Amino acid sequence: MQIKKAEYFISSPEVAKCPKPDRPEYAFIGRSNVGKSSLINMLCNNQKLAKTSAQPGKTQSINHFNIDSTQKEKGPVTKWYLVDLPGYGYAKRSQSDRNRWEQMIEGYLRKRENLVMMFVLIDARHTPQENDLEFVNQLGEWQVPFSLVFTKADKEKPGVVQCNVKAFLDAMRETWQFLPQSFVSSAIKKDGRDEILKLISD
Ligand code: GDP
């Protein structure tokens, strides 16, 4: 699958304000600066879609994008939503911002009935980070289906990337019986794009 058309739709401060849940949606999340905007832009073939932000952790809302919408009599009809969620682990965020983020994300993850899958982005250059493991364990508790995307692979030697991926999955094995699907990506080389889009189209 290739995405032919991707357009920003709406930003919502909470799940109750999100668009009607009448079509499938796929959401992306990860630590601030993990490369989420770059990955979304790469998947959508549109370098300007999600802002590649110089100020990590700034966007604090649930951002919906219309994917492959077609014009119908009553207005545009989109095939599916791509959702850009604000990241976690931004050190400079205030406690009240953190609490707000937690409430918003918990509400979204537990209540969004049309959420098909989350993509959790992990920086492929690092050994397993506590907040990434905590986040995936939380998804497990809430029974939210997810895949892992190890980002920025071009910035490290392939052997190091492989080692970090294995270490993360090994750390998950301590609590998980079945491991999620995982991808290795590079927004520069466009690695991982076909595999991720294939999962969505399947
Ligand atoms: P976000 O905060 O998670 O949305 O991260 P961004 O997409 O804004 O990326 C943060 C920084 O990492 C930016 O300077 C990007 O250019 C860079 N970056 C993101 N993905 C890649 C990648 O796959 N390869 C390389 N070399 N740099 C990347």
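This is a predicted model: local features need pLDDT of at least 70, side-chain atom pairs count only at pLDDT 80 or more; totals for chains, interfaces and linings use all residues.
## Strand order and pairing

Strand 1 and strand 3 (residues 62–67) run antiparallel and are joined by six bridges; two strands are taken to pair if DSSP finds at least two bridges between them. Helices (H or I, at least four residues) and strands (E, at least two) are DSSP runs, numbered from the N terminus. Residues are numbered from 1 along each chain as its sequence is written.

Both strands belong to an open sheet of seven strands with mixed pairing and the order 1-3-6-2-7-8-9. At its edges stand strand 1 (6–12) and strand 9 (182–184), each of which pairs on one side only. On average, neighbouring strands of the sheet are turned by 25° against each other, direction ignored. Strand 2 pairs with strand 7 in the parallel sense over six bridges, and I29 has V120 of strand 7 as its bridge partner. Strand 7 is also joined to strand 8 by six bridges, and these two strands run parallel. Here the bridge partner of M118 is F146 in strand 8.

## Helix 1 on the sheet

Helix 1 packs on the sheet and touches strand 1, strand 2 (25–30), strand 6 (80–84), strand 7 and strand 8 (146–151). Contact between two residues requires C-beta atoms, placed from the backbone, within 7 Å. The direction of helix 1 makes about 145° with that of strand 2. Axes are lines fitted to C-alpha atoms, for helices over the stretch in contact, and angles run from 0 to 180 degrees between N-to-C directions.

## The nonpolar core

The largest nonpolar core has 44 residues, and F28, V120 and L121 have the most contacts inside it. Strand 7 (residues 115–123) gives the most to this core, with six residues. Such a core is a set of buried Ala, Val, Leu, Ile, Met, Phe, Trp, Tyr and Cys residues joined through C-beta atoms within 7 Å. A residue is buried if 20 or more other C-beta atoms lie within 10 Å of its own, exposed if 12 or fewer, and partly exposed in between.

Apart from its neighbours within four places in sequence, V120 is in contact with I29, G30, F135, V136, F146 and L148.

## The ligand shell

Of the 18 residues around the ligand, G35, K36, S37, S38 and A187 come nearest; a residue is near a molecule if its C-beta atom, placed from the backbone, lies within 6 Å of it. Helix 1 (residues 36–44) supplies the largest share of this shell, three residues. By class, the shell has four nonpolar, ten polar and four charged residues. Ala, Val, Leu, Ile, Met, Phe, Trp, Tyr, Cys and Pro count as nonpolar, Asp, Glu, Lys and Arg as charged, and the others, Gly among them, as polar.

## Positive phi and an exposed serine

Most residues other than glycine have a negative phi. N45, in the loop between helix 1 and strand 3, has a positive phi near 55°. N45 is partly exposed because 14 other C-beta atoms lie within 10 Å. D68, in the loop between strand 3 and strand 4 (70–72), has a positive phi near 50°. D68 counts as partly exposed because it has 16 C-beta neighbours inside 10 Å.

S96 is found in helix 2 (residues 95–111) and counts as exposed because it has 8 C-beta neighbours inside 10 Å.
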